[in-house]
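Hello,

Here is the structure I said I would hand over. The notes below it say what was found.

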Amino acid sequence: MCVASKSLPLDKARQALLDDIIALYSCEPTIERVKRYTPDCVYDDQFVYANDRYKMAGQWFALPKLFKASKNEGYQVVRSDDEVIQFKNEQSWTFKVIPKTATINALVTLSLDPETVHSDFIRVKYHKDQANDKDYSHEGLGFTFKKWQADQVAKHMDSKEVAVFEADETAGKEHVRKYGDGKGEAPEKNF
């Protein structure tokens, strides 16, 4: 893992949070890492819209089943304040079935839980991943599929780790945030 020289420095608690998030992206999920999210969290990327920690746990624990490897190629923290930690992220994904590696560049925004923002164990309320210069619309068939996929993966995972978070399925739900036409500010590649 390479930290870009222009990356903003983080204190110990924020660096620990970022290290856990990078480990999740790298197909290294643990119960403790998933606890970095609040029960009512939202995970939002090009493939998934998971609106509680149970569904999100299903996604993180499913990754090692889908990918042979996932390697963090580097990141750069571009914003760190009481509201968010935002970083540019480059991740290479090697598929299990198809011997191909895809590299994704993204702008990841972690909206922080106000109750834990100044603690030693900071948690995330909203995780937004804008890959390859895209922002994703929350309308239409594509969004319906993203929600359906998140619902199904958690239900069908035969995983004691995911089962730990079943109670979070009834956590308070945030209204779906709308992003219009889907044009965003995520980097294509400029590390």
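**Salt bridges**

Glu-73 and Lys-71 are joined through their side chains by a salt bridge, with 3.6 Å from N to O. Glu-73 counts as partly exposed, because its relative accessibility is 29%. Elsewhere, Asp-20, Arg-33 and Arg-36 belong to one network, held together by salt bridges that share partners. Please keep in mind throughout that this is a predicted model.

The search of the whole structure gives 10 salt bridges. One of them pairs Lys-55 with Asp-52 through their side chains, at 3.9 Å from N to O. How close is that to the limit? A salt bridge requires the side-chain nitrogen within 4 Å of a carboxyl oxygen, so a pair at 3.9 Å is counted. Lys-55 is buried, since its relative accessible area is 9% and the cut-off for buried is under 20%. Asp-52 is buried as well, because its relative accessibility is 0%.

Another salt bridge runs between Arg-53 and Asp-168, whose closest N and O atoms are 2.5 Å apart. This pair connects distant parts of the chain: Arg-53 belongs to helix H3, whereas Asp-168 sits in the segment after helix H5 (160–163), and 115 residues separate them. Both Arg-53 and Asp-168 are buried. As background, side chains of opposite charge can pair when their charged atoms come close.

**Overall fold**

The protein chain contains five helices and six strands. In sequence order these follow the pattern α-α-β-β-α-β-β-β-β-α-α. The chain has 191 residues, and 50% of them count as buried.

**The largest pocket**

The largest pocket holds about 540 Å³ of space. How many residues line the largest pocket, and which lie nearest its centre? The lining has 22 residues, and those nearest the centre are Asp-45, Phe-47, Leu-63, Phe-67 and Trp-93. Helix H3 (53–66), strand E4 (84–95), strand E5 (101–112) and strand E6 (124–131) are the elements that give two or more residues to the lining. The most comes from H3, which supplies five residues. By type, the lining residues are 15 nonpolar, five polar and two charged.

**A nonpolar surface patch**

Val-97 is placed in the loop between E4 and E5. Val-97 counts as exposed because its relative accessible area is 79%, where the cut-off is over 50%.

**Pairs far apart in sequence**

- Ala-163 and Gly-58 are 105 residues apart along the chain, and their C-alpha atoms are separated by 8.9 Å. Ala-163 is part of helix H5, and it counts as partly exposed because its relative accessibility is 36%.
- Val-153 and Ala-57 are 96 residues apart in sequence, with 9.4 Å between their C-alpha atoms. Val-153 belongs to helix H4 (residues 140–156). At 19% relative accessibility, Val-153 falls under the 20% cut-off and therefore counts as buried.
- Leu-110 and Tyr-43 are 67 residues apart along the chain, and their C-alpha atoms are separated by 9.5 Å. Leu-110 is in strand E5, and it is buried, with a relative accessible area of 0%.

**A backbone angle to check**

Which residue other than glycine has a positive phi near 60°? The residue is Cys-27, and it is located in the loop between helix H1 (12–25) and helix H2 (31–34). Is Cys-27 buried or exposed? Cys-27 is buried, because its relative accessible area is 15% and buried means under 20%.

Regards

Key:
Residues numbered from 1 in each chain as written. Predicted model: local features only at pLDDT ≥ 70, side-chain atom pairs only at ≥ 80, totals over all residues. Heavy atoms only, no water. 1 Å grid on protein atoms, 1.4 Å probe; cavity = no way out; pocket = protein on both sides within 12 Å on 5 of 7 lines; lining within 4 Å. Points joined across faces, edges and corners; volume = space filled by probe spheres on them. Helix = DSSP H or I, 4+ residues; strand = E, 2+ residues; numbered from the N terminus. Nonpolar A, V, L, I, M, F, W, Y, C, P; charged D, E, K, R; others polar. Buried < 20%, exposed > 50% of the residue type's maximum accessible area, 1.4 Å probe, protein only.
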